[in-house]
Amino acid sequence: MALKTKINAEDGKQDMLITREFELPVELLFRAYAEAELVEQWMGTKVIKLENKQHGSYQFETSNPQGVVVLKMNGVIHNVIPDELIIRTFEMENTPYPTQLEFLQFEKLTNDTSRLTMHVIYKSPNDRDEILKLPFAQGINMAHNRLEDILKK
Amino acid sequence: MVRNVRLEMNTHEVSFFLHVFICNGKYDLVTVDSFFYRKTLRSQITALYLQRNDCIMKTRRDIFQAIADPTRRAILTLVATHAMTPGAIADSFDSTRQTISKHIQILTECELLTQEQSGREIYYHFNPNKMKEVAEWLMPFAKMWDDRFNKLESIMKKHKTNK
């Protein structure tokens, strides 16, 4: 299975590049980041606040299927150039993960295709690696819980 | 009673299967089938199983721990270009031979370095296959973003045609 998303995280560095090409005009790709209703749909999170402008900020809240809020995220927006650039911070509230800095670059490839490059800078190489390991660790925990459930039956 | 359970796990839409044999309320044998997880997850699950059943297992060194140290990364970079003796490796660093020897031991334990005897000398080689295991840890992260972006793409395509 080939992924369209490329992750480039060099050993020992505290940053990472996430690159993806879309079959979308750059204007539509940018709108997916700029409009709250659209962000809610593809991120699967509730948008409490989204001020996409210089000195703006944002707040997201993700709930589980029972409606309990499981993750609150927020950040400040440093700069926005429509169809080109968003510079912002990202923080997961009440977690040990430090705030990260994100440079989102939107590029037109053709009239119908575009590229997004996310350059994410972490507090330290170790903090970056902890974030990288998160989805893997979740998989392990889920496997573990499922085994426990089966044993109880 | 022995039960054979096949569990389908799904994390960020990466599916994998666990084959579990349950005997007397303990899980007895676990294998994992998946495109992404293969060896790394299998050893993690085995470690969990052993922990839960109070078995003593030989600690397997975490490959991430191994490459987190700057000196060990420097050793890997050095040896990656050509096989070297422990003496030649130690000469490239200001640290004591004992310190470097400890680093080499850790890298060898997690199989990032392999030994080869040549006459009276031992040469250390870099094992690139082992580094691929690190890349496997990255896969669920890449998959998580890929799923998100696929969703973004399909939502925006609809958005485009609806207008």
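Which strands of chain A does helix α2 (residues 36-43) lie across? Some notes on that and the rest.

1. Helix α2 of chain A lies across β3 and β4 (56-63) of chain A, at about 145° to β3(A). Angles run from 0 to 180 degrees between N-to-C directions, with axes fitted to C-alpha atoms, for helices over the stretch in contact. Helices (H or I, at least four residues) and strands (E, at least two) are DSSP runs numbered from the N terminus.

2. A caveat: this is a predicted model, where local features need pLDDT of at least 70 and side-chain atom pairs count only at pLDDT 80 or more, while totals for chains, interfaces and linings use all residues. Residues count from 1 along each chain as its sequence is written, and chains are lettered from A and ligands numbered from 1 in the order in which they are written.

3. Chain A has an open antiparallel sheet of 8 strands, ordered β1-β2-β8-β7-β6-β5-β4-β3. Pairing takes at least two DSSP bridges between two strands. At the edges are β1 (5-8) and β3 (46-50) of chain A, each with a single partner strand, so one side of each has no neighbour in the sheet.

4. Inside that sheet, β2 (residues 15-22) and β8 (residues 114-121) of chain A run antiparallel, joined by 8 bridges. R20(A) sits opposite L116(A) in β8(A).

5. Over in chain B, the axes of α3 (residues 70-81) and α5 (residues 97-109) come within 10 Å and cross at roughly 70°. α3(B) and α5(B) are therefore roughly perpendicular (65 to 115 degrees).

Methods:
Angles under 35 degrees count as roughly parallel, over 145 as roughly antiparallel, 65 to 115 as roughly perpendicular and the rest as oblique. Two residues are in contact if their C-beta atoms, placed from the backbone, lie within 7 Å.
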